[in-house]
Amino acid sequence: MPDLKEITIDKEIDARGSFCPGPLMELIRGMKALPVGGVLAVLSSDPGSAKDIPAWIQKAKHEFIGAFPEQGYTRFVARKTH
Amino acid sequence: MPQHVLIVGGGVGGTIVANLLARHLEPIDAKVTLIESTGKHAYMPGWLYLPFNHEGLESDQIIRDERSLLNRHVQHIRGTVTGIDTQNRELRVHYSPGLHEIVGTGGAVEATYGYDYLVLATGARLAPEDLSGLSEANGNGGWYHFYSAEAALHLRHALQRFEGGRIVITVGGIPYRCPPAPLEFTFLLDEWLAKHDLRSKTEIQYLFPLPRVFPIESVAEAVTPLLEERHIGYTVFFNAETVDTEKQIISSLEGEEVPYDLLVLVPPHRGARVIEDSGLGDEQGWIPTDRNTLEVKGHQGIYALGDATDLPVSKSGSAAHFEAKIVAARILAAIRGEEPERDEATYDGEVMCFLETGYNKATQLVFNYEHPPRPPRPSLYYHMEKQLFNRAYWHIVPQGLV
């Protein structure tokens, strides 16, 4: 996984405190609005996101940069590729 | 001086709050006013069955006069709320046609209502324009839905003309009202097609935006084998992006294209227009609401419930029903100058609903913020309970008796 400090995040969505399907839907909505090549981060405190978010990014053929654990939540980072 | 409680919306939530307050407060202590625009109360769960039964639009199983369901101490105003001024604690109301004849407004078209407590039970509205290609009239290009009585009747007529082909069922966005409804429709459709000798000529495809066929994992696990048993195809991670009603193809954000002969797509939902216009809602018009007290965030004395909120629970009559009791308990305590009782006045995310699986069977979903549902095996028992509830609703739920 790359170092988070070396990644420029274009947009960050705080979906903490929302539960399934909240963070995943926020990510999908965010990706839709982002220009191609942009990097999106979503903060989630829902344990289900660890499985759902990378799975969707793979299915939608975008680039999953990584899941970065923080205090009580995780920052999921992805790049829009098309 | 009596305190004035204004309730906006005549659905399940608004009606229960109004009736509970009117029953437990003396008119000298409080005046309870409910404002809604249609004069009618719809039992929306009844729409699910309309494509398959013979009920008419005016059937008393799906629609009744709102006034007939309200306690006589509730002042009922028929009008559209056009503005919410939280600074001056007042609402702007545009009267529905004909109202002046009923309550003697002296011919006025608009009025301002002040409040001490405000309850926003403004519900959700359908926003087909949020999905590219759906702005045309309902039924155009093979697109149907059952999220209004009229639309459900169009769908009934389309099914009566249907001779086989591919039926695609999906949702235009999340959240939408009654999460189980598209699955229930799919199961009821499978049964209906079999009874009309059309099942062998029909491919059913269920598409869903999430990584499973239902938002809650335990329910998805229970229902997926049923889809497989009945040879109903399903695709997950299908987020509808465009509908081409000319070529009859639905495309997803994930890059898939699915052609259809008949498309049953739940239109995208948004919060009420007045919520968006007044700046009280988020991007989709849902009201940021405290998950336990149901107070609108940042606004003391204003409550929100039911479909109108941004809470992570089903947008359903069931959630609105449980929430209404919490809101009523809080306002009652405040008017009486008491501390609200914790158990009665704290919402824990409780929802109880049924999921029809066809062939006279159903399962039941009971859950809250902390505990996911553990649906029992579908059986005749839960189907009968649901059918009984559909009839009993009119006599016990709006009145706040249960």
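**View 1. The contact between chain A and chain B.**
In this predicted model, the contact draws 15 residues from chain A and 10 residues from chain B. On the side of chain A that touches chain B, the elements giving two or more residues are α1 (22–33) and α2 (49–59) of chain A, and α1(A) gives the most, with 5 residues. Sorted by class, that side of chain A has 9 nonpolar, 2 polar and 4 charged residues.

**View 2. Packing of α1(A) against α2(A).**
Two packed helices are described by the angle between their axes and the distance between the axes. For α1(A) and α2(A), the angle is about 25° and the axes are 9 Å apart, and that angle makes α1(A) roughly parallel to α2(A). The crossing of α1(A) and α2(A) is right-handed. From α1(A), the residues Pro23(A), Leu24(A), Leu27(A) and Ile28(A) meet Ser49(A), Asp52(A), Ile53(A) and Trp56(A) of α2(A), and by class this contact has 6 nonpolar, 1 polar and 1 charged residues.

Lys61(A), which lies in the loop between α2 and β3 of chain A, has a positive phi of about 60° although Lys61(A) is not a glycine.

**View 3. The two domains of chain B.**
The domain assignment divides chain B into domain 1 (3–123 + 272–336) and domain 2 (127–267), with the C-alpha centres of these two domains 31 Å apart. Their contact takes 11 residues from domain 1 of chain B and 20 residues from domain 2 of chain B. The side of domain 1 that touches domain 2 has, by class, 7 nonpolar, 2 polar and 2 charged residues.

In chain B, 7 strands form an open sheet in the order β7-β6-β5-β2-β1-β8-β19, with mixed pairing. The edge strands are β7 (110–114) and β19 (302–304) of chain B, each of which pairs on one side only, and the twist averages 35° from one strand to the next. At β19(B), strand β8 (residues 117–120) of chain B is joined by 3 bridges and runs parallel, with Leu118(B) opposite Ile302(B). Helix α1(B) packs on the sheet, where it touches β1 (3–8), β2 (30–36), β5 (74–85) and β8 of chain B, and its direction makes about 160° with that of β2(B). Helix α7(B) lies across β1, β2, β8 and β19 of chain B and runs at about 175° to β8(B).

**View 4. Packing of α1(B) against α7(B).**
The axes of helix α1 (residues 12–24) of chain B and helix α7 (residues 317–336) of chain B come within 8 Å and cross at roughly 30°, in a right-handed crossing. Among the residues of α1(B) in this contact are Ile16(B), Leu20(B) and His24(B), and among those of α7(B) are Ala320(B), Ala324(B), Val327(B) and Ile331(B). By class, the residues of this contact divide into 11 nonpolar, 4 polar and 2 charged.

Strand β12 (residues 202–207) of chain B pairs with β13(B) in the parallel sense over 3 bridges, and Leu207(B) stands opposite Thr235(B) in β13(B). The peptide bond from Ile174(B) to Pro175(B) is cis, with omega near 0°, and Pro175(B) lies in the loop between β11 (165–171) and α4 (181–195) of chain B.

Conventions
Residues are numbered from 1 along each chain as its sequence is written. Chains are lettered from A and ligands numbered from 1 in the order in which they are written. This is a predicted model: local features need pLDDT of at least 70, side-chain atom pairs count only at pLDDT 80 or more; totals for chains, interfaces and linings use all residues. Two residues are in contact if their C-beta atoms, placed from the backbone, lie within 7 Å. Helices (H or I, at least four residues) and strands (E, at least two) are DSSP runs, numbered from the N terminus. Ala, Val, Leu, Ile, Met, Phe, Trp, Tyr, Cys and Pro count as nonpolar, Asp, Glu, Lys and Arg as charged, and the others, Gly among them, as polar. Axes are lines fitted to C-alpha atoms, for helices over the stretch in contact, and angles run from 0 to 180 degrees between N-to-C directions. Angles under 35 degrees count as roughly parallel, over 145 as roughly antiparallel, 65 to 115 as roughly perpendicular and the rest as oblique. A crossing is left-handed if the near helix is turned anticlockwise from the far one by less than a right angle, and right-handed if clockwise. Two strands pair if DSSP finds at least two bridges between them. Domain bounds come from an automatic or database domain assignment.
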